[in-house]
Structure formats: structure tokens, C-alpha cells
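Colleague: I'm new to reading models like this one. Could you go through it with me, one question at a time?

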Amino acid sequence: MKKTIMLVCSAGMSTSLLVTKMQKAAEEKGIESEIFAVSASEADQQIETKKVDVLLLGPQVRFMKAQFEKKLEPQNIPLDVIDMKDYGMMNGEKVLAVALKLIEENE
């Protein structure tokens with residue numbers, strides 16, 4: 001089953017490299033996925049129009065976690081903040097693993 005993973009950061013730029021690395025890790029594992037990054041301002045629209053399985057916040061927008069939890073709760077979408085170290089090292093494999101674990105725990 002296809003997994004839709006949405007990353008939210010302040011501008012959507014720095015996260016695009018991480019998205020690429022996550023996509024590569026998913027491909028290597030044979031996981032069908034749609035992984036994309038949006039800015040915090042675009043996130044609401046994406047949540048409304050897309051079936052998102054998990055939402056990960058970039059460390060720079062972690063202060064928005066409570067706000068997102070409120071929005072995602074009715075749709076039962078799990079949410080977490082990307083680990084600062086994994087983000088800094090652009091560890092796509094590790095971040096993908098976290099996302100998949102959250103989806104699994106939520107099913």
C-alpha cells in the first residue's frame with residue numbers, strides 16, 4: 001500500500017534534499033511512497049486535499065506541533081518532529097523509518 005509522507009518546514013527548501021534521500025531509501029526497500037515537503041503556510045491546504053498518512057515537522061517548526069496536532073486529530077494523522085541530528089545529517093533512511101513506524105502504530 002502506498003504511503004504518503006508529508007514534511008513541513010519553514011520554507012520547504014532545506015527539506016527537499018531530505019525528501020530526495022527518503023524517496024531513495026523507500027525505493028531501495030521496495031516501499032511505494034509519495035514523499036513531499038511543503039512550507040508551514042501550505043500545509044493546511046495539503047492536509048485538506050490529500051490523503052496524508054503521516055506528517056513530520058522539520059526541527060525549525062517544532063513550535064507548531066501543538067497547532068498541527070489539533071488540525072490532524074480529526075483525521076487521525078500521526079505527527080512527529082524530525083530528530084535534529086537526522087535532519088542535520090539529512091539521514092533519509094532514518095527519517096523514513098520513523099515515518100513508517102508512526103504509520104504502522106496508527107493503523
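Colleague: Is Asp44 buried, exposed or partly exposed?

Modeller: Before I answer, this is a predicted model, where local features need pLDDT of at least 70, side-chain atom pairs count only at pLDDT 80 or more, and totals for chains, interfaces and linings use all residues. Residues are numbered from 1 along each chain as its sequence is written, and side-chain values use heavy atoms, with hydrogens and water left out. Buried means under 20% relative accessible area, exposed means over 50%, and partly exposed is in between (1.4 Å probe, protein chains only). Asp44 has 31% relative accessibility, so the word for Asp44 is partly exposed.

Colleague: Which residue does Asp44 form a salt bridge with?

Modeller: A salt bridge here is a side-chain nitrogen of Lys or Arg within 4 Å of a carboxyl oxygen of Asp or Glu. For Asp44, the closest N and O atoms of the pair are 2.8 Å apart, and the partner is Lys71.

Colleague: How many residues apart in sequence are the parts that Asp44 and Lys71 tie together?

Modeller: Helices (H or I, at least four residues) and strands (E, at least two) are DSSP runs, numbered from the N terminus. Asp44 sits in helix 2 (residues 40-49) and Lys71 in helix 3 (residues 65-72), so the parts tied together are apart in sequence by 27 residues.

Colleague: What about Glu93: where does its salt-bridge partner Lys29 lie?

Modeller: The closest N and O atoms of Glu93 and Lys29 are 3.4 Å apart. Glu93 belongs to helix 5 (residues 92-106), so the pair ties together parts 64 residues apart in sequence, with Lys29 in the loop between helix 1 (14-28) and strand 2 (33-39).

Colleague: Is Glu105 buried or exposed?

Modeller: Glu105 forms a salt bridge with Lys101, with the closest N and O atoms 2.8 Å apart. Both are in helix 5, four residues apart, which is about one turn of the helix. Glu105 has a relative accessible area of 54%, so Glu105 is exposed.

Colleague: How many salt bridges are there by this rule?

Modeller: Some are linked up: Lys2, Glu34 and Lys50 form a network of salt bridges. By this rule the count is nine.

Colleague: Which element gives the most to the largest nonpolar core?

Modeller: A nonpolar core is a set of buried Ala, Val, Leu, Ile, Met, Phe, Trp, Tyr and Cys residues joined through side-chain atoms within 4.5 Å. The largest has 20 residues, and those with the most contacts inside it include Leu18 and Leu96. Strand 1 (3-9), helix 1, strand 3 (54-57) and helix 5 each give two or more residues. With six residues, the element that gives the most is helix 5.
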